[in-house]
Amino acid sequence: MDRTLTPKNNITISAAFDSSRIDTTERLIQPDDEMAVREDLQGLPDPLDAPDYDPIDHLNVLFSHPSTLAAVSPVADSLETNLDLLDAEISELVITQAATNENSLARISAAKADLADLFQNIDSVRERALRTEEAITAMTADIKKLDSTKRNLTLSMTMLKRLQMLTTAFEQLKSNTKSRQYRECSGLLSAVLELMAHFKSYRSIAQIATLSRNVADVKAELLEQVCEDFEMAFVKGIVAERKTMLAEACHVIDALGDMAKQRVVNWYCNTQLREYRQVFRGEEAGSLDNISRRYSWLKRMLKLYDEEHAGIFPTSWKVNEVLSNIFCDGTKDDYKGILQKSMRKEGGKSLDVNLLLSALHETLEFEHFLERRFSSDAHQRVSIDTISSKDERPLVFGKSISEAFEPYLSLWVDAQDKTLSQMIPKYRNQPLRPPDSEDDFNPASSVLPSSIELFHFYRQIFAQCAKLSTGSKLLDLSKTFGKYLDEYADSVLMTYLTPLERASTLPIEEIATILNTADYCNTTTSQLEQKIRSRIDKPLDEKIDFERQSDAFLSVVSKVIAVLVRRTELALEPAWREMRNCPWARMESVGDQSGYVGVLNEKLQTEVTALLAVIGKDIWRRSICDRIVEAVVQGFVSSLVACKPISGVGAEQMLLDAYVIKKQLEELILLRKDPEAPQQSSGEDSIPTAPASYIKHVARTLTKLDALLKTLQVSITPQEGLVQAYLIHIADSSPGNFKKILDLKGIRKTEQAGFVDLFKVHVPAHSGLAESNSLMNNINLSTLGLPGGAGTQGQGAPGGSKGGFENLSAVLAAARDGVDRLQKEGGEQEGRLGRLFRRDGSGIRFGRDIT
């Protein structure tokens, strides 16, 4: 629609003119019916109220056709009328708003006047309140003065009465002091001191100051008089006659305070210990030989105290306990001097370790005696074996004397070290099976008697050391324990297992005994570590570590398992020899399992049944079976290499044989014969099954062998088929390993170049290849193959070669010589098999380890 109005002849408004719209417009423009026009306009939405009102659009709506232009003047008049009405309405509203504003201003003015009146009233009320308060204060001033006067008068009367009481009590105290009436003196002294405390703030008054000095003089006089009475009674030996007076004098001392009590108690203890110090400070009586006499002397003194002196001193003073503490302190200092002097003589050689240990043991017993005697809680009394437990209350006499011996306990630790060094060679020479143990010998649970004796000795000296010290010396003893645990593992247990070939000839029951002993030592070592940690002082418990010793015993276990596996390998050697004698290169068809498989399974069943029957723990039986599985696969691969060249049919036959062997290996762990085990019923539910993890281990170990045999099964023509089979089954990118396959297939060196080039071309097309296959890496064609070995052929292609043995007897003789040589080279075989059982995991593996 156009945005401008054009002349009549040029109007281009395109909307059709609706007849109803025309009628409405005509009604709007009737000058004689203005109200009707307004009503019609109000019935429609008013375009003027639109937020985006456009006058051009509005006019185009009103005059949408040239014929409507005649209504321009009426419409204009209507608009003028409407405008006038709006102006009138606006004027009326303005007048109304002006009148409203005047009323609001009047109301605001009235509110301000009211607020001013209110503030004036508030000020008036405040002034009246202040005047009222002043009036009341004036009225009560006299009353307050009277109250203050009454309070001061009451205080003065009270102080005068207290002063009178103080003066009277003081005079009585002086009189009773002169007559030594200590019972009355104790009460009067307490009253005087209590009353005197009320006059501390009045010492500026001369009379009060004089009275305070007089009280202090009487206190000093009383103290000296009581001390003199105690001295005279004990010096003249008339304690029994004056026991009552001395007991009353102690109440006076209590009233005099802690300083006075401490003076009397110290005097008593020094008096009682004077004779002890004179007697035992000498060379002969003060030596460690007479240590029991020292303790007997104090026991006599405590008995004397209980019988004669306990009634003198109040129980709260604990005089006997103070006497014992002073005795212990002096005795500890004496021992320190004696031990230092002994160490200076001849470099400590004159100090007898047994005498030191005996003295220390007597000291610990004496400390325990004191602890029991002075313990306030009878339920917490413990034996000497548990006196150092961390769960008990702090001890009063713990290490009160024995602390002097602790720096010299290293001599005792050295003595235990020397004893252990003499025990290890004796253990090394003991037989594995004592001659008199035929009746009660059980290889599944028996251990070497030497291990039981060693740990029994450990327990004894550990308990002894825990009584002597739970500090650095116990840490030193634990290091000694660790040292000789290593010695026992290396010099005793490992000696039976070295060399491997000799150990393989031991009776299987004795080998099982070594295994049980190593396992027992490993478990007991962990228990010993926890026991020492629980007894040693807290900062040192983190230094107790027997992990290295536990690892040493686990190494012995691994060595025992290696010996048992080696026995099995030697038993399987005839089966492998028969395998190497098979003509794998000339085999034309696959039949039933090969003959060597039956021999192999029979030997396996016999050997493993005997092994598992003497092994007591499932974890070791499982570990042995795992290692035997790996050893069987290794023996299969070694014999396979000695059988080259291998044709496709021969590899297929080997694959069938490997499957039969796998089934036998899966049942190894079930071959244990235990005559004491209950017989299971013949029901289907009672059939034992091998653990799923063991089945997975067997499958994982045989998988690599299956991959090798499946690769060898493929024909060499076309060449690409062998290459693809290698990349799929072996799945590595090593040309060296691929050449080993070619050598096993019997392909000449001159023909291998084409295979290798084709291998290099196809490697990039296969993603996820390993750099090298572990099984192929372990194949060494130069050493594992037997020279002139059985089953080898000429240089012809496998499967198609007509070559054979030119001299069968010579070849068999060479095979027997090779087997004999392998049996004689014990050290080399031990090293190769030892790698299978390294603890660091670096040995040859065909499956995961069971730890």
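Residues are numbered from 1 along each chain as its sequence is written, and side-chain values use heavy atoms, with hydrogens and water left out. Because the model is predicted, local features need pLDDT of at least 70 and side-chain atom pairs count only at pLDDT 80 or more, while totals for chains, interfaces and linings use all residues.

## Salt bridges

Let us start with the charged pairs. A salt bridge here is a side-chain nitrogen of Lys or Arg within 4 Å of a carboxyl oxygen of Asp or Glu. By this rule the model has 22 salt bridges.

| Salt bridge | N to O distance |
|---|---|
| Arg 294 and Asp 334 | 3.2 Å |
| Asp 486 and Arg 548 | 2.7 Å |
| Arg 566 and Glu 501 | 2.9 Å |

Helices are DSSP runs of H or I with at least four residues, strands are runs of E with at least two, and both are numbered from the N terminus. For accessibility, buried means under 20% relative accessible area, exposed means over 50%, and partly exposed lies in between, using a 1.4 Å probe and protein chains only.

Take the salt bridge between Arg 294 and Asp 334. Arg 294 belongs to helix α9 (residues 291–309) and Asp 334 to helix α10 (residues 319–344), so this pair ties together parts that are 40 residues apart in sequence. Arg 294 is buried, with a relative accessible area of 0%, and Asp 334 also counts as buried, at 13%.

Is Asp 486 buried or exposed? Asp 486 is buried, at 11% relative accessible area, whereas Arg 548 counts as exposed at 57%.

Next comes the salt bridge of Arg 566 with Glu 501. This pair links distant parts of the chain, with Arg 566 in helix α17 and Glu 501 in helix α15 (residues 500–503), 65 residues apart. Arg 566 is buried at 7% relative accessible area, and Glu 501 counts as buried at 15%. Salt bridges that share partners join Glu 501, Arg 566 and Glu 569 into one network.

## A nonpolar surface patch

Patches are made of residues with over 30% relative accessible area and no salt bridge; like charges are joined within 9 Å, and nonpolar side chains (Val, Leu, Ile, Met, Phe, Trp, Tyr) within 5 Å. Areas come from the Shrake-Rupley method with a 1.4 Å probe, and for residues only the protein chains shown count as cover. Which residues form a nonpolar patch on the surface? They are Leu 115, Leu 118, Phe 119 and Ile 122, with about 380 Å² of accessible area together. Leu 115 is found in helix α4 (residues 72–178) and counts as partly exposed, at 45% relative accessibility.

## Backbone details in loops

Two cis peptide bonds are worth a look. One joins Lys 644 and Pro 645, with omega about 0 degrees, and Pro 645 sits in the loop between α19 (618–642) and α20 (648–666). Another runs from Thr 717 to Pro 718, with omega near 0 degrees; Pro 718 is in the loop between α21 (692–713) and α22 (719–729).

Positive phi values also turn up. Lys 318, although not a glycine, has a phi of about 50 degrees. Lys 318 lies in the loop between α9 and α10 and is partly exposed at 48% relative accessibility. Ala 731 has a positive phi near 60 degrees, again in a residue other than glycine. The loop between α22 and α23 (735–745) holds Ala 731, which counts as partly exposed at 26%.

## Helix packing

Two packed helices are described by the angle between their axes and the distance between the axes. Axes are lines fitted to C-alpha atoms, for helices over the stretch in contact, and angles run from 0 to 180 degrees between N-to-C directions. Angles under 35 degrees count as roughly parallel, over 145 as roughly antiparallel, 65 to 115 as roughly perpendicular and the rest as oblique.

The axes of α21 and α23 come within 10 Å and cross at roughly 60 degrees, and these two helices are therefore oblique to each other. Helix α18 (residues 595–613) packs with α19 at about 155 degrees, with axes 12 Å apart, so α18 and α19 are roughly antiparallel.
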